[in-house]
Amino acid sequence: MLKRLRGSWRRTLPLLALVVVISVSGCGVEQKEEGGNGNGGQSAGNESAVESDNSGKDYRIGMVTDVGGVNDKSFNQSAWEALQRLNKSTSASTKFLESKGEADLEPNLNDFIREGYDLTWGIGYLFSDALAKVAKDNPDAKLAVVDTIVDAPNVTSVTFAEHEGSFLTGVVAGLMTKSDGVGFVGGMEIPVIKRFEAGFVAGVKAVKPDLKVDVVYSGAFDKPDLGKSIAATMYNKGVDIIFHASGGTGNGVFNEAIDRRKAGKEVWVIGVDKDQSLEFGDEVTLTSMMKGVEVAVYKVSKDLIDGKWTGGQVLELGLKDDAVGLPDTSTKNVPQDVLTKVEEFKQKLISGEIKVPTQ
């Protein structure tokens, strides 16, 4: 049976930890397929030096991205930042492989297993089938996955209540739209992204029941040009706030908003997975729906080094664990009265007074 870990993560997953941003430009990211740090290697970035305790010097941990790539400014990047931090704090050897298409997922996982890596991560819902097969074929290998559940004794699965955090961004959008035009841009139409959509729409309607949300799926997580085109269409129709849950495709949504801001138009984007204002600026980022991917990947990987890793776990993390929600930087663009309303809804969600739909 899968063991479900819930409340004990409340103290170990502070959402503030997610605002630490580490540059990935110098660790092999410019290579299209792989990159990483060797034992004792230095992760790239401008962060202050972290003294390693060398507890992980004999460990190798690998990560396979989904099609969005390691530099998606979203959840793949968050996961890689976790392993970079692990390298700096423990001297564990960390490496990533990028998947250019779904056909690459299984071979990339198997590459790490053949090389004898101590733990191999699959980042994203797209790994559901590939990681399940690899786990079955390699029962002695230790694996972990984000955004899906693989029921296997040698796999740790990390999932998030995206619909809860997205509900709060919907409250912000519903209260702050000036045109009564709100949009959602999704990547692939898969369960995890449908949770983002369902939560966001429910949040909008909680404060503006008659407001219709314009929903468009791009069908991809790695098509910024397509994201820009979809955003342009939405903004032209009168939408002034777009929430995206589309990985690298969402970079195009931001680019369109930046172009319109330069032309004097007041439009906004709500970011996803990370505090995307740190990448795209406060001028266009209204707020973000953050997920504790970086914290969760670091915690599970560190548990392996500390001898605490246990396969077959499902970590289900939501508002009560501070694993989803809005960043502190929201105060730059979201008025206090709106944030007060957000907090009221947050407490109702945690108490169970409000149930957020998942689809």
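**Close-up views of a predicted model**

**View 1. An open sheet of six strands.** The strand order is β9-β8-β10-β11-β12-β14, and the pairing is mixed. Strands of a sheet pair through backbone hydrogen bonds, either parallel or antiparallel.

View 2. Strand β8 covers residues 182–186. Five bridges join β8 to β9, and the two strands run parallel. Within this pair, Val185 stands opposite Val216 of β9. Helix α5, residues 191–207, packs on the sheet. Which strands does α5 touch? The helix contacts β8, β9, β10 (241–245), β11 (268–273) and β12 (285–291). The direction of α5 makes about 170 degrees with that of β8.

View 3. The model has nine aromatic pairs. One of them is formed by Phe200 and Phe243. Their ring centres lie 5.0 Å apart and their planes stand at 50 degrees, so the pair is tilted. Phe200 sits in α5 and Phe243 in β10, so this pair ties together parts that are 43 residues apart in sequence.

**View 4. Helices α4 and α10.** Two packed helices are described by the angle between their axes and the distance between the axes. Here α4 (residues 162–176) and α10 (residues 336–351) pack at about 150 degrees, with axes 10 Å apart. Angles over 145 degrees count as roughly antiparallel, so α4 is roughly antiparallel to α10. The crossing of α4 and α10 is right-handed. Helix α4 contributes Glu164, Phe167, Leu168, Val171, Val172, Leu175 and Met176 to the contact. Helix α10 supplies Val338, Lys341, Val342, Phe345, Lys346 and Leu349. By class, the contact of α4 with α10 holds 10 nonpolar residues, no polar ones and three charged.

**View 5. Helices α2 and α3.** Helix α2 spans residues 105–114 and helix α3 residues 128–137. Their axes come within 9 Å and cross at roughly 35 degrees. This crossing of α2 and α3 is right-handed. On the α2 side, the contact is made by Leu105, Glu106, Leu109, Asn110 and Ile113. On the α3 side are Ala130, Leu131, Lys133 and Val134. How do the residues of the contact of α2 with α3 divide? Six are nonpolar, one is polar and two are charged.

**View 6. Helices α1 and α9.** Helix α1 (residues 75–90) packs with helix α9 (residues 293–305) at an angle of about 40 degrees. The axes of α1 and α9 are 8 Å apart. The angle makes α1 oblique to α9. The crossing of α1 and α9 is right-handed. From α1, the contact takes in Phe75, Ser78, Ala79, Glu81, Ala82, Leu83, Arg85, Leu86, Ser89 and Thr90. From α9 come Val293, Glu294, Val297, Tyr298, Ser301, Lys302 and Ile305. The contact of α1 with α9 has nine nonpolar, four polar and four charged residues.

Key. Residues numbered from 1 in each chain as written. Predicted model: local features only at pLDDT ≥ 70, side-chain atom pairs only at ≥ 80, totals over all residues. Heavy atoms only, no water. Pairing = 2+ DSSP bridges. Helix = DSSP H or I, 4+ residues; strand = E, 2+ residues; numbered from the N terminus. Contact = heavy atoms within 4.5 Å. Axes fitted to C-alpha atoms, helices over the stretch in contact; angles between N-to-C directions. Parallel < 35°, antiparallel > 145°, perpendicular 65-115°, else oblique. Left-handed = near helix turned anticlockwise from the far one by under 90°. Nonpolar A, V, L, I, M, F, W, Y, C, P; charged D, E, K, R; others polar. Phe/Tyr/Trp six-rings, centres within 6.5 Å; stacked < 30°, edge-to-face > 60°.
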